[in-house]
Amino acid sequence: QECDPPVIKNVIEWQRPDWASSIPSFIDFSGGDSSRVLQKVCCEGTSSKESPKAVDLKLLGLELSGIDGNDDVGNSGEGSTLPFLNGPAAFFETTRSNCRDL
């Protein structure tokens, strides 16, 4: 969890499943073993003096970012024109989304 009052981000880290390592690299779009995607659900938290321990959350948006483990994928790299072919982490590393108002 990341907190920068009043914004609270709940972070979920997605990693490539173990079973995907057996897929041949020329048809594998799941990325490398160390690739991961960070999904952050962004909320604004408020509380009242009457109930300071109760926090009301207003959904602000979704932030997605990727960390491409391009050291372990044969067809990845910074010069790639189609980062989605190297897995979701490579795509979100080059196409980062930020929290937006819904």
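A residue is called buried when its relative accessible area is under 20%, exposed when that area is over 50%, and partly exposed in between, with a 1.4 Å probe and protein chains only. By that definition K40 counts as buried, because its relative accessibility is 9%. The structure is a predicted model, in which local features need pLDDT of at least 70 and side-chain atom pairs count only at pLDDT 80 or more, while totals for chains, interfaces and linings use all residues. Residues are numbered from 1 along each chain as its sequence is written, and side-chain values use heavy atoms, with hydrogens and water left out.

**Salt bridges**

- A search of the whole structure finds 4 salt bridges, a salt bridge being a side-chain nitrogen of Lys or Arg within 4 Å of a carboxyl oxygen of Asp or Glu.
- One of them joins the side chains of K40 and E2, at 3.0 Å from N to O; because K40 lies in strand 3 (residues 36–46) and E2 in strand 1 (residues 2–4), this pair ties together parts that are 38 residues apart in sequence.
- Strands here are DSSP runs of E with at least two residues, and helices are runs of H or I with at least four residues, both numbered from the N terminus.
- Another salt bridge brings together the side chains of K9 and E63, also with an N to O distance of 3.0 Å; K9 belongs to strand 2 (residues 7–15) and E63 to strand 4 (residues 56–67), so the pair ties together parts that are 54 residues apart in sequence.
- E63 also forms a salt bridge with K40, where the closest N and O atoms are 3.7 Å apart, and this pair links distant parts of the chain, with E63 in strand 4 and K40 in strand 3, 23 residues apart.
- Salt bridges that share partners join E2, K9, K40 and E63 into one network.
- In general, side chains of opposite charge can pair when their charged atoms come close.

**Accessibility within the network**

- E63 counts as buried because its relative accessibility is 6%, and K9 is buried as well, with a relative accessible area of 19%.
- E2 counts as partly exposed, because its relative accessibility is 33%.

**Helix 1 and D68**

- F91 is found in helix 1, which covers residues 88–94, and this residue is partly exposed, with a relative accessible area of 30%.
- From C-alpha to C-alpha, F91 and D68 are 8.3 Å apart in space, with a separation of 23 residues in sequence.
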